[in-house]
Amino acid sequence: MLCNRVPDRAGFGFGFGFGFGFGFGFGFGFGFGFGFGALPCSALYTPILWCMRQVCRADSDFAAKAVFCHKGFGKARGILPGGCKGALGNMQLFYRILTGFIAVLPVFILAACGAGQTPKAPPPQVSAVTVHTATVPVSYEYPGRVAGYKETEVRARVGGILLKRNFDEGARVAQDQLLFEIDPAIYEAAYADRQAQLAQARANYAQAVLDADRAQALWQKRFQSTAYRDQMAAKRDADAATVQQAEAQLRQAKLNLEYTKVTAPIGGMTSREHVSEGSLIATDASSNLLTTITQTDPVYINFSYTGDDARAIRRLMDDMRRHGEDPGALKVQIRFGDGHDYARAGTVDFTSPRIDLATGALGVRAIVANPDDILVPGQFVRLIVQGLKVNNALTMPEQALMQDNSGQYVYVVSAQGEVEKRPVRIDRQLASRNWLLAPGQTAAAAQEDSYVEPGQEATKAPQVYIGLRDGERVITEGQFSVGNALVALPQGAKLKVTVTALDGKPVAPPAAGQGR
């Protein structure tokens, strides 16, 4: 029988081949092609066997009834034996299934033919910037604190009652301006007493001079003894010393009287008073402080930089001298916390000769004019040290720098559009946010630890260039697309990209067959 010749595994073969190819074909493009490409025989042969199997299951005498019905179909036109009707129905079912299969067969064949072809991805589109050597100004920024040019404590030199304060707290005062008045009564009396004592001492001295002269004359005439003469001379000299002592005491009394009027030793800004009017002032250090005066024009700004920065600054200054430039005193620009700059620039006037052991930094001081009292002692500011240059330096945009586990690198694109991953070393970031590159150098590439057999020499690491050269182009946009493309690139192959913008200007697409 025909039905017995149709193997049962035909249905299974079709179910597996058709179901696998069709299901993965519409779900995933790759599965579609793979299913029909891998099972062409199952997809084409098993559907026919399956259709035959279904018809045979309907009637075991299919062959005979089909032939009879086919021959008499045109004649009978519907007057058929019951057997022919069943066979004809099964035959029509077979034709319908076969017709539908033939209709979709070209789609399966096309999918199977195109399954092995993967569309080629277009080259990544990037933007690049050309780097050039130039003389680049370099600045260093540090936190600093304003300090007065001079700061003096005003203290009372004599004790007494503080009668009056002659200035407004926090106001600017001039040098020698009267600030405080202390009760002078007792010092005026002391001064008068010293004047009287001096007058008495001078009178005694005048008498002693006369007595000494008389004794000398009598001794020469041998009317007085030598002892008497010497006695009168000694008294004269003692009275002279008494006069000197009285004069000194008078000057002291005069000074004490003058000290009752406290004047400003320097000009500047006053602080608040430490002793109020009417208070009793002593002469000890714990109670004689009256106020403090700070000279604020000019002002000092104290800051510090690390030992590495100190070496770098000295190296830059030496390099400038070798190129015939005199760096002179370094200039400083003051910047406030809100980002505004001070109108006047200052200069560095002192650098400590040794590093502070507590902070590990080098103390530096700048001086700047402050006629409008904008800078206040104790105020925190930012200082930008200027006046330094780097000759033949290379800079690149901030966004060009990339970093991974191997370190910092950039993507360099050639004139032919080929990309190279290049390691770089960064010196510092400039005020423009661009990176200042360290000088390029050739170094051995990093090698992973590998075991070397005894007696064998370890292979030398290949030499790679670290840094950039004048005129090279670095990618600033599209680095992630380039990185993904490099990962998928076969070993040894070169990645080409399309540069759509160079140095901020759009680039026309290359002509057919030409690279960029």
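I began with L280, which lies in strand β8, residues 280–281. For my own reference, strands (E, at least two residues) and helices (H or I, at least four) are DSSP runs, numbered from the N terminus. I keep in mind that this is a predicted model, where local features need pLDDT of at least 70 and side-chain atom pairs count only at pLDDT 80 or more, while totals for chains, interfaces and linings use all residues. Residues are numbered from 1 along each chain as its sequence is written, and side-chain values use heavy atoms, with hydrogens and water left out.

Is L280 buried or exposed? I found L280 at 66% relative accessibility, so it counts as exposed. My cut-offs here are under 20% relative accessible area for buried, over 50% for exposed, and partly exposed in between, with a 1.4 Å probe and protein chains only.

Next I looked up the patch that holds L280. I161, L163 and L280 form a nonpolar patch on the surface, and together they have about 280 Å² of accessible area. Such areas come from the Shrake-Rupley method with a 1.4 Å probe, and for residues only the protein chains shown count as cover. Patches are made of residues with over 30% relative accessible area and no salt bridge; nonpolar side chains (Val, Leu, Ile, Met, Phe, Trp, Tyr) are joined within 5 Å and like charges within 9 Å.

Which residue is the bridge partner of I161 in β8? I find that it is L280. Strand β3 (residues 160–165) pairs with β8 in the antiparallel sense over two bridges. Two strands pair if DSSP finds at least two bridges between them.

**Entry: the sheet around β8**

β8 belongs to an open sheet of four strands, in the order β6-β5-β3-β8, with antiparallel pairing. β6 (261–263) and β8 stand at the edges with a single partner strand each, so one side of each is left without a neighbour in the sheet.

E273 has a relative accessible area of 16% and is buried. Setting aside neighbours within four places in sequence, I see E273 in contact (heavy atoms within 4.5 Å) with R165, E169, F180 and L290. The side chains of E273 and R165 are also joined by a polar contact of 2.8 Å. A polar contact is a pair of N or O atoms within 3.5 Å; within protein, one must be able to donate a hydrogen and the other to accept it, and residues adjacent in sequence count only if both atoms are side-chain atoms.

**Entry: salt bridges**

E141 and R382 meet through their side chains in a salt bridge of 3.2 Å, N to O. This pair links distant parts of the chain, with E141 in strand β2 (residues 133–155) and R382 in strand β13 (residues 380–396), 241 residues apart. E141 is partly exposed at 39% relative accessibility, and R382 is partly exposed at 32%.

E472 forms a salt bridge with R422, with the closest N and O atoms 3.0 Å apart. Here too distant parts of the chain are linked: E472 sits in the loop between β20 (463–466) and β21 (473–477), R422 in strand β16 (residues 419–423), 50 residues apart. E472 counts as buried at 16% relative accessibility, and R422 counts as buried at 4%. I also saw that E420, R422, R469 and E472 are linked in a network of salt bridges.

For E153 and R155, the closest N and O atoms of the salt bridge are 2.9 Å apart. E153 is partly exposed at 47%, as is R155 at 30%.

**Entry: backbone notes**

The peptide bond from D297 to P298 is cis, with omega near 0 degrees. P298 lies in strand β9 (residues 289–306).

Phi of N392 is near 55 degrees, a positive value in a residue other than glycine. N392 lies in strand β13 and counts as exposed at 64% relative accessibility.

D503, not a glycine, has a positive phi near 55 degrees. I placed D503 in the loop between β22 (498–502) and β23 (505–506), partly exposed at 42% relative accessibility.

Definitions and conventions. Salt bridge = Lys/Arg side-chain N within 4 Å of Asp/Glu carboxyl O.
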